[in-house]
Amino acid sequence: MEFFTPVPPESSHSLGLAIVRSSSTPLLLLDDRLIIRAASESFCTAFGLRADAVVGMNMAGLGSGEWDRLQLQSLLIATLSGSAAIDA
């Protein structure tokens, strides 16, 4: 029994964008290089950022350096590779 409907690869990016943009939870959609591809309005509001200004930036470049933490970047990269999981 499948729990998820398979999504074609060409549709997954659009689906991810739609989920992030419509979320009431602060979310970022990052690519494999930790470049921001989408930011929820709630994320931008919570951190005083503009969505159009953060899309295309490396996550480490947000704010005044508070996102530029080696431990955070290492955890995200490990999670992306399947070597770690985030317990939120």
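**Entry 1: Chain overview**

Along the sequence I read the pattern α-β-β-α-α-α. I note that this is a predicted model, in which local features need pLDDT of at least 70 and side-chain atom pairs count only at pLDDT 80 or more, whereas totals for chains, interfaces and linings use all residues. Residues are numbered from 1 along each chain as its sequence is written, and side-chain values use heavy atoms, with hydrogens and water left out.

For the surface, I find that the protein chain exposes about 6,300 Å², with 58% of it supplied by carbon and sulfur atoms; the areas come from the Shrake-Rupley method with a 1.4 Å probe, and for residues only the protein chains shown count as cover. Of the 88 residues, 24% count as buried, meaning under 20% relative accessible area, with exposed set at over 50% and partly exposed in between (1.4 Å probe, protein chains only). Among contacts with a separation of 6 or more, 17% join residues 24 or more positions apart, a contact being heavy atoms within 4.5 Å.

**Entry 2**

I then turned to S1 (28-30) and S2 (36-39), which pair in the antiparallel sense over 3 bridges; pairing requires at least two bridges found by DSSP. The two strands form a hairpin with 5 residues between them, and Leu30 stands opposite Ile36 in S2.

In the loop between these strands lies Leu34, and I recorded its positive phi of about 65° although it is not a glycine. Most residues other than glycine have a negative phi. Is Leu34 buried or exposed? Leu34 counts as buried because its relative accessibility is 8%.

**Entry 2: Aromatic rings around Trp67**

A search of the whole structure gave me 3 aromatic pairs, using ring centres within 6.5 Å for Phe, Tyr and Trp (its six-membered ring), with planes under 30 degrees apart called stacked, over 60 edge-to-face and the rest tilted. The rings of Phe43 and Trp67 have centres 5.6 Å apart and planes at 50°, so I list this pair as tilted. Phe43 lies in helix H2 (residues 41-47) and Trp67 in the loop between helix H3 (51-54) and H4, so the pair ties together parts that are 24 residues apart in sequence.

Phe47 and Trp67 form an edge-to-face pair, 5.2 Å centre to centre with 75° between the planes. Since Phe47 lies in H2, this pair ties together parts that are 20 residues apart in sequence. Phe47 is partly exposed, at a relative accessible area of 42%, whereas Trp67 is buried at 17%. Phe43, Phe47 and Trp67 form one aromatic cluster.

Which residues make up the largest nonpolar core? I list 10 residues in all: Leu34, Ile36, Ala39, Phe43, Cys44, Val54, Met59, Leu62, Trp67 and Leu76. Such a core is a set of buried Ala, Val, Leu, Ile, Met, Phe, Trp, Tyr and Cys residues joined through side-chain atoms within 4.5 Å. S2 and H2 are the elements that give two or more residues to this core.

Gln73 lies in helix H4 (residues 70-81) and is buried, with a relative accessible area of 19%. Leaving aside neighbours within four places in sequence, I find Gln73 in contact with Leu34, Ala60, Trp67 and Asp68.

Note on methods: Helix = DSSP H or I, 4+ residues; strand = E, 2+ residues; numbered from the N terminus.
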